[in-house]
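Here is a short report on one protein model. Please keep the sequence and the 3D view open while reading.

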Amino acid sequence: MARTRVGRRDFVKNLAATAAAASAFPAAAAGLSRTIESPQGSGGAGQTPSKPRIRFSVIGVNHDHIYGMTNAVTRGGGELVAVYAKEPELAAAYAKRFPQAKIARSEQEVLDSDVQLVLSAAIPDERAPIGVRVMQHGKDYLSDKPGITTLEQLAEARRVQAETKRIYSILYSERHEVRAAVRAGDLVQAGAIGRVIQTVNLAPHRIGNVAGGARPEWFWHKARYGGI
């Protein structure tokens with residue numbers, strides 16, 4: 001079936017505004033965004049657009065940020081198709097939260113599908129290689145932060161992006177999904193607080209500040225999580 005082409009760059013650029021709006025405004029938190037309104041007659045607030053603008057899948061769910069990322073893309077008009085994770089228990093947990101997602105049997109199954117966008121919150125050192133493969137398969141990519149952990153990965157991602165002309169993007173949740181940060185950005189843009197010369201984000205995490213009370217093994221290896 002023929003699908004309506006969408007402006008993929010506009011869609012991905014709007015994700016930040018959509019995520020920000022959802023945390024900054026009560027109506028948006030119910031499911032609306034600054035850039036996408038519920039169509040007339042659809043039932044109003046609390047509903048996403050009736051016609052998805054883009055189809056997306058997920059590869060890698062090792063960090064819970066993937067849930068916020070999925071919600072942001074869905075609010076922006078995305079249709080979730082499938083999820084793949086090497087860890088069956090993580091894939092099952094994600095599918096329980098988002099039952100519309102088919103559990104893919106392999107990463108290749110997602111790469112070979114007709115989705116236009118792939119999300120990932122895999123272990124940090126795996127995110128850039130996944131993004132490279134996604135772009136090489138003609139799809140755009142949205143990674144959890146950090147989206148790249150080494151300069152070598154950065155160089156490869158830049159090379160493949162220039163070669164494929166696909167989008168390699170990173171969702172910085174503290175910047176785009178925290179109400180205080182969104183409000184501060186609005187004040188800066190409005191010139192209300194003068195010329196900003198420095199910003200600092202101090203957000204230490206407790207060792208047990210995760211579901212289940214313990215960090216996974218990869219968290220303790222700098223080569224895997226990328227450092228600070």
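## Ser120 in strand β4

S120 sits in strand β4, which covers residues 117-121. The model is predicted. S120 has 0% relative accessibility, so it counts as buried. Leaving out residues up to four places away in sequence, S120 touches I59, G60, I66, M69, R127, I130, Y141, L142, S143 and D144.

Which backbone atoms lie by the polar side-chain atom of S120? One is the backbone oxygen of I59, at 2.7 Å. Another is the backbone nitrogen of A122, at 3.2 Å. Y141, one of the residues touched by S120, is 21 residues from S120 in sequence. The C-alpha atoms of S120 and Y141 are 7.9 Å apart.

S169 belongs to strand β6. Is S169 buried or exposed? Its relative accessibility is 13%, so S169 counts as buried.

## The chain overall

The protein chain has 228 residues, and 40% of them are buried. It holds ten helices and six strands.

Helix α3 spans residues 65-75. Its buried residues are I66, Y67, M69, T70, A72, V73 and R75. Two of these, I66 and M69, are among the residues that touch S120. After α3 comes G77, with a positive phi near 110°.

Two packed helices are described by the angle between their axes and the distance between the axes. For α3 and helix α4 (residues 88-97), the angle is about 35° and the axes are 11 Å apart. The crossing of α3 and α4 is right-handed. On the α3 side, I66, Y67 and T70 make the contact; on the α4 side, A93, Y94 and R97 do. By class, this contact has four nonpolar residues, one polar and one charged.

## Helices α6 and α7

Helix α6 covers residues 124-136, and helix α7 covers residues 151-164. Their axes come within 9 Å and cross at roughly 15°. That angle makes α6 roughly parallel to α7, because angles under 35 degrees count as roughly parallel. The crossing of α6 and α7 is left-handed.

Which residues make the contact? From α6 come D125, A128, P129, V132, M135 and Q136. From α7 come Q153, E156, A157, V160, Q161 and T164. Six of the contact residues are nonpolar, four are polar and two are charged.

## Loops on either side of α7

Two loops flank the helix. One runs between β5 (140-144) and α7, and P146 lies in it. A cis peptide bond joins K145 and P146, with omega about -10°.

The other loop lies between α7 and β6 (168-171), and K165 is found there. K165 has a positive phi of about 65°, although it is not a glycine. Is K165 buried or exposed? Its relative accessible area is 51%, so K165 is exposed.

## From Tyr172 into α8

Y172 lies in the loop between β6 and α8 (173-176). At 41% relative accessibility, Y172 counts as partly exposed. Y172 and M69 are 103 residues apart in sequence. In space, their C-alpha atoms are 9.8 Å apart. M69 is one of the buried residues of α3.

S173 is in helix α8. With a relative accessible area of 13%, S173 is buried. A polar contact of 3.1 Å joins the side chains of S173 and E174. Beyond residues up to four places away in sequence, S173 touches H65, K145 and V178. K145 is the residue joined to P146 by the cis peptide bond.

How values were computed
Residues are numbered from 1 along each chain as its sequence is written. This is a predicted model: local features need pLDDT of at least 70, side-chain atom pairs count only at pLDDT 80 or more; totals for chains, interfaces and linings use all residues. Side-chain values use heavy atoms; hydrogens and water are left out. Axes are lines fitted to C-alpha atoms, for helices over the stretch in contact, and angles run from 0 to 180 degrees between N-to-C directions. Helices (H or I, at least four residues) and strands (E, at least two) are DSSP runs, numbered from the N terminus. Angles under 35 degrees count as roughly parallel, over 145 as roughly antiparallel, 65 to 115 as roughly perpendicular and the rest as oblique. A crossing is left-handed if the near helix is turned anticlockwise from the far one by less than a right angle, and right-handed if clockwise. Contact means heavy atoms within 4.5 Å. Ala, Val, Leu, Ile, Met, Phe, Trp, Tyr, Cys and Pro count as nonpolar, Asp, Glu, Lys and Arg as charged, and the others, Gly among them, as polar. Buried means under 20% relative accessible area, exposed over 50%, partly exposed in between (1.4 Å probe, protein chains only). A polar contact is a pair of N or O atoms within 3.5 Å; within protein, one must be able to donate a hydrogen and the other to accept it, and residues adjacent in sequence count only if both atoms are side-chain atoms.
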